[in-house]
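Q: I am new to this structure and would like to learn how its features are read. Could we go through a few of them together?

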Amino acid sequence: MLTFLSALAASEDKLNLNKATFEEITQLPITLEQAEDIYYYRTYIDFFQSVYDLRNIQSIDQKTFLKIKPLVKIVPYGVYDELSQRRDQIYYLLRRLAQDEGSSEAIADVWEDMLMSPININSASYRDILNMPIINPSDVRAILCQRKLSNYQDYRSMRNAPGLTHYGATNIRHYITYQQPKLDGKWTFNYRLKFNNNPYSEEIEEVLRESFVPDSLNEKFSMWGRYDLDNASPEISHKFRARMEDWFNLEVGGLLFFKKGEDRDLNMFRQDNQLSSALADNSKYTAAIDLKPADLKVVLGNYRATWGEGLVMENTDLFEPRRAGYGFTKRIKGIFPDLSPTEEFALKGAAIEYGNSFMDASVFYSDDKKDVVIWDSNHDGELTSEDDIFYYIISSPRFTNEQLESSEAYFNEFRPNLTPYPLPKIDMAPRRDALRETLVGGHIQFNPFIGTHLGVTAYEAKYDRYFSIADYADLGQYLIYDSYYYKKLDINDSEISSLYSTITDSYRRNYRRVYGFDWQTTLDNVTLQGEYAELEVDGNMLELGDDPGALVASAYFNFNNLNFTMLYRNYDLGFDNPYARPFAEHEKFDGTILEKQYYLKNPLVSEVFYNSPWSQAEEGFYIETRYKFHRQLTLTKAYLDIWERKSDGRKSVRFQGELDYRPIYQVSLRLKQKLQTNGSEDFFTRAVSKTSETTCKLRAYLTNRDQIEFEYRYTKVWMAPYTSLTNTADPGQAYILPTADVLNHGDFIAVNYIHNFTDYFRMEGAFLFWNGHGVSHWDWEDMEIDFMGSQGMKFWFTIYDRISNNLAISFKYKIKHYQDEELYLRQYNEPVPGQNYVSQAKHKESSIRLQLDWTF
């Protein structure tokens, strides 16, 4: 196969210099400096009109020209304005982010603004440059230190800055200019439509299908059957943004969005339409002005706020594992307008930000209603506004309070009449906009040297009702519908009882206060940064360590062909900050009773876990590296994480490494290995597991930037045995039957492709076949992840078409066939009476995702 692909690559057309990447140009028989000069000319001076334009480049002498002339060609570049090219770059960037363990839509608008309005590198601040995608602190410091000596005239002069890596320079080239842009006060408008009818995730579907009347097969006793979610309405959003650039920047925008399954009637000509309620409950808006001469920014409406390592403030609805804060996992710091899908933790109010070379300061205010889970704290048999709150919740879909209350009333008609064990009425349930949260906070940061700062962040959130959490001993009565299942609780559920209460035996308050400090210093190619934060409970604000706290500290080493990250984190179990999004392996409540909706009084409460954006309380050490140690060999990403879960002391280890071998540039062979052990020091509990996952990829880079890739993955999962399946639970047994370990394995084969029909029309997709045997398989699809069933096949494709300079459309279609596992129902080692076998169920799913972007 390798020989065939090499021959295919060698027989293809000559290299088109008007479309070649920098890496492709370096494969020509020329020096690295000559390759950079060709790329620089094409990118920043002009496209090549003829192969003889190469002689306009000073470093290309006649001998070099004659050597490469037979190897290259010039295809005239089409009419394609600069703004359109920059807009395409954001789609490319987001695809790269998605392939690196997930992407956040919340940062897409910020980076798109940077692309549409490049910053003058000769006046940009440290934070302006650091917020650009992928670039790291040591590269930013190198740029600013050289700029103190003289301004940059072009890409070449910046590229030669001492200490600036080639990787850092190329990553920011689309986001900067070298002269002050012409300011004419022109407005740019953008409208974006998104349509998506993807199925619910497997976990959320199980929650919605769970019966509120246990052991009943009547679908009307579940939210799925009651609201016919087999025919759920699709997810739809409309986003409008307008931006004006002059001596100040002005931006306004709005977002109207509906999650999958949310009813809507927006017909304004109907008397009973829901337009006004939709605008109130399903919309976001923002207005921002950036007074550049005064270094002042003001944002009204919805905004995004992030500082440090995300311990005090990072308001998103998304959990992203292993966010070390460098490269693809970096945070955009500061205050920005927010028209992202973030809903539960959206900030709505006003924010002001000021910054200069010595100091940055921000103040923010938010007043918004939040979705929460309430419980019958006054024991009057009803769920009302007088009851206390259990916790925040992100629901899918967001049922209205009327839907929730009517469903609970219907289910409560049957629960007390069950035989032989009647159940109490539902006394814990989600409620939409049931908590009013008023939040005030700020951040101040001092920057004594280039690349060095010390900052302080704090906020206070006031509530119009109390949070109250049961003690660990009372969790069963608090959460579980039947006392028989109280034994299902274990020490890991202490993560629930450790949540913050605003009303306890020792105090009664209506607020939550979180404060912390962050730091960063960069010396040559080494960056040290971190953050420490505390949640005020009953300690002294000026005394560290007397309240639940959290710490992240990291070091980053950056070289041309090598980078290396070390990170330590330690989060107290009682550090309950709902706006914290620091580095973690798992989301909060992983492994708790909230993962088991079939035991809960209300299955919908388990969405507190399944949609959790919070990081779990952990202590651990993480190292990561990327190393190009040979022209043909690159360790693209390797990391090792060793951590302990605070709730039960479970120790785990995770390793992943990927090696890329390129015998020629057009062919890539990749080998990836993942190893993970959960419970590395305890092999006597069911929570223990060992996973080994091996992936092989063969990728060919074809002409016209096309790609084809063959991928094979093999996964093994070892788990501890269920001894109760072969031995009864009776005490004092003389003979215990041995039980074998459980070993699940599965494999996966895929073909991925990208084909560029023209410069403006592209298609990518995949064909996949898998066999799970109890192993969970996953796949990256364009910019989203998909988890598959026991065995099956699927194919998907995405078409991207830039119809004109002002109009672009992307369309994705997916079809998936898969089967569930067959189940044998037993009580210990005896089959249960009646129906005790569930055969494999075959499923067929298809979905469409459509996005339209119109700029005018």
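A: Strands, labelled E, are DSSP runs of at least two residues, numbered from the N terminus. In this predicted model, strand E14 covers residues 428–449, and Arg-432 is found in that strand.

Q: Is Arg-432 buried or exposed, and which side chain of opposite charge is nearest to it?

A: Buried means under 20% relative accessible area, and a salt bridge needs a side-chain nitrogen of Lys or Arg within 4 Å of a carboxyl oxygen of Asp or Glu. Arg-432 is buried yet has no salt bridge, since the nearest side chain of opposite charge, that of Asp-281, is 4.5 Å away. Leaving aside neighbours within four places in sequence, the residues in contact with Arg-432 include Asp-281, Asp-371 and Arg-398.

Q: Which residues make the nonpolar surface patch?

A: Tyr-712, Tyr-714, Ile-749, Phe-767 and Phe-769 make this patch of about 480 Å², and the elements giving two or more residues to it are strand E25 (707–719) and strand E27 (761–771). Tyr-712, found in E25, counts as partly exposed because its relative accessibility is 35%.

Terms used: Residues are numbered from 1 along each chain as its sequence is written. This is a predicted model: local features need pLDDT of at least 70, side-chain atom pairs count only at pLDDT 80 or more; totals for chains, interfaces and linings use all residues. Side-chain values use heavy atoms; hydrogens and water are left out. Helices (H or I, at least four residues) and strands (E, at least two) are DSSP runs, numbered from the N terminus. Buried means under 20% relative accessible area, exposed over 50%, partly exposed in between (1.4 Å probe, protein chains only). Lys and Arg count as positive and Asp and Glu as negative; His and the chain ends are not counted. Contact means heavy atoms within 4.5 Å. Patches are made of residues with over 30% relative accessible area and no salt bridge: like charges are joined within 9 Å, nonpolar side chains (Val, Leu, Ile, Met, Phe, Trp, Tyr) within 5 Å. Accessible areas come from the Shrake-Rupley method with a 1.4 Å probe; for residues, only the protein chains shown count as cover.
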